[in-house]
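My notebook is open, and I have a few things to look up. Come along and check them with me.

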Amino acid sequence: MKALKIFIPFILLSLMVYHCSTVPITGRSQLKLISSSELNALSFQQYDEFLSQHKLSADAQSTNMVKRVGLNIKNAVETYFAQHNLSKDLKGYAWEFNLIESNEVNAWCMPGGKVVVYTGILPVTQDETGLAVVMGHEIAHAVAQHGGERMSQGLLQQLGGAALSVALQNEPQKTQNIFMTAYGLGSTIGVVLPFSRTQESEADRLGLIFMAMAGYNPNSAVDFWQRMAAKGGDSPPEFLSTHPSYETRINDIKKWLPDAMKYYNK
Ligand SMILES: [Zn+2]
């Protein structure tokens with residue numbers, strides 16, 4: 001009996017260690033029940049489906065700006081990861097940056113680097129640096145693998161921690177729904193499983209660092225969030241839902257700026 005008491009925590013601990021990975025730069029450990037390649041395959045399929053059902057912006061200038069900012073941040077992150085022997089963490093990513101025509105003040109990034117920006121957010125971002133605040137945040141969600149973490153939590157809660165491939169085979173609709181709700185793309189807003197506060201704060205912090213690495217002054221993040229706060233109104237999915245209050249967020253950003261500035265113009 002005594003041996004069992006010692007043994008059970010040991011098994012639980014080894015399971016936890018086995019199913020955890022570490023977020024680059026912040027060092028936070030996270031639950032990971034799904035391989036990135038499995039999750040990316042599902043993500044790429046859902047992303048193409050989303051694009052086929054939505055209208056790409058006809059504004060060539062803004063579209064090019066979205067692609068340019070995305071590429072600049074992606075290249076900077078890849079360079080940093082290569083220098084720090086972390087390139088394996090970005091293996092299998094297939095970055096894509098698209099601007100869709102929609103009044104929603106929103107943007108998101110699916111696993112594996114599939115970004116969508118809505119035209120409705122451009123009046124708030126105002127310029128290229130403002131856009132880099134938003135895209136840095138979204139790219140951070142993908143690099144920190146928050147989607148895989150959320151999907152792992154969803155599978156654990158709803159399908160008893162089934163492997164993604166098994167879940168897709170046995171419960172394809174339910175598994176796709178978990179994925180879609182994880183991205184705020186489910187048909188019912190009420191069932192959206194938003195990113196957690198921890199993940200949002202982490203995306204803010206990493207987003208500042210990533211935009212700085214790409215040569216965009218991270219101090220602009222404070223102005224951007226002040227404009228967002230002044231706008232007020234209802235919170236659409238991902239970009240605003242469950243994010244920390246504007247005040248908390250702006251205070252946190254001010255606290256992280258000195259660290260982010262170390263990556264600026266290096
Ligand atoms: Zn977010």
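Is Tyr246 buried, partly exposed or exposed? I looked it up: Tyr246 has a relative accessible area of 24%, so it is partly exposed. My cut-offs are under 20% relative accessible area for buried, over 50% for exposed and partly exposed in between, with a 1.4 Å probe and protein chains only.

A note on the source: this is a predicted model, where local features need pLDDT of at least 70 and side-chain atom pairs count only at pLDDT 80 or more, while totals for chains, interfaces and linings use all residues. Residues are numbered from 1 along each chain as its sequence is written, and side-chain values use heavy atoms, with hydrogens and water left out.

**Aromatic rings**

I searched the whole structure and got eight aromatic pairs. Rings of Phe, Tyr and Trp (its six-membered ring) pair if their centres lie within 6.5 Å; planes under 30 degrees apart are stacked, over 60 edge-to-face, and the rest tilted. Phe224 and Trp225 make an edge-to-face pair, with 4.9 Å centre to centre and 75 degrees between the planes. I find both Phe224 and Trp225 buried.

Trp225 also pairs with Tyr246: the centres are 6.3 Å apart and the planes at 40 degrees, so this pair is tilted. The pair links distant parts of the chain, 21 residues apart, with Trp225 in helix α10 (residues 220–231) and Tyr246 in helix α11 (residues 246–261). Helices here are DSSP runs (H or I, at least four residues), numbered from the N terminus. I also noted one aromatic cluster, formed by Tyr47, Phe50 and Trp108.

**Charges over rings**

I count a charge as over a ring if NZ of Lys or CZ of Arg is within 6 Å of the ring centre and within 35 degrees of the ring normal. The charged end of Arg249 sits over the ring of Trp225, 3.7 Å from its centre. Lys114 lies over the face of Phe44, at 4.7 Å from the ring centre.

**A buried glutamine**

Gln199 belongs to helix α9 (residues 197–213). With a relative accessible area of 2%, Gln199 is buried. Beyond neighbours within four places in sequence, I see Gln199 in contact (heavy atoms within 4.5 Å) with Arg28, His141, His146, Glu149 and Arg150.

**Nonpolar core**

A nonpolar core is a set of buried Ala, Val, Leu, Ile, Met, Phe, Trp, Tyr and Cys residues joined through side-chain atoms within 4.5 Å. The largest has 53 residues, and Ile73, Val117, Met135 and Phe210 have the most contacts inside it. Helix α5 (residues 128–143) gives this core its largest share, nine residues.

Terms used
Helices (H or I, at least four residues) and strands (E, at least two) are DSSP runs, numbered from the N terminus.
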